[in-house]
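Please read it next to the sequence and the coordinates.

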Amino acid sequence: MVRIVLGAIVGFFAWLIVWVVTEKVLSALWPAFGVHQHAFEEVVKNGGQFTADTTMLLTHIVVGSIVAVMSGFLAALIAGGNKRAPLVLGVLLLALGLLKVVMSWPYVPIWYHVIFTAILLPMAVVGGRLKTTS
């Protein structure tokens, strides 16, 4: 049980760290991404107008999927291949996704909210299955 909880917690923090680092790297390598991110962060903090760019939103979905798979794998690795750790991690990521929806609801299209939030749990489980099959 301890390994399951530890795997889920480490996977969650790994997701957060890799997500933030990936955003910083993309912002440095792709200036338009950085401008979009900065504008989004400002509007969430201070309100105002924001026009979401579809390419940036799709990039977030792809990155979120990849990072969720990686963190699910890590959770299963720490939990000794137990399938519950990636599932618990997926629930934690789903809660984080719902928090992001609440914070950014008026600024991005509903399709983005639905897809981004919906992929987190299944991708974490897929990552866990990669570990249990290897």
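Q: What percentage of the 134 residues of the protein count as buried?
A: The model is predicted, with local features needing pLDDT of at least 70 and side-chain atom pairs pLDDT 80 or more, while totals for chains, interfaces and linings use all residues. Residues are numbered from 1 along each chain as its sequence is written, and side-chain values use heavy atoms, without hydrogens and water. Buried means under 20% relative accessible area, exposed over 50% and partly exposed in between, with a 1.4 Å probe and protein chains only. By that cut-off the buried share of the 134 residues is 39%.

Q: Is serine 104 buried or exposed?
A: Serine 104 lies in helix α4, residues 84–104 (helices are DSSP runs of H or I, at least four residues, and strands runs of E, at least two, numbered from the N terminus). Because its relative accessibility is 1%, serine 104 counts as buried.

Q: Which residues is serine 104 in contact with, leaving aside its neighbours within four places in sequence?
A: Contact means heavy atoms within 4.5 Å. With neighbours within four places in sequence left aside, the contacts of serine 104 are Phe40 and His113.

Q: How does isoleucine 9 count by relative accessibility?
A: Isoleucine 9 belongs to helix α1, residues 2–29. Its relative accessibility is 40%, so isoleucine 9 counts as partly exposed.

Q: What pattern does the protein follow along the sequence?
A: The secondary structure comes to 5 helices and 0 strands. Read along the sequence, the pattern is α-α-α-α-α.
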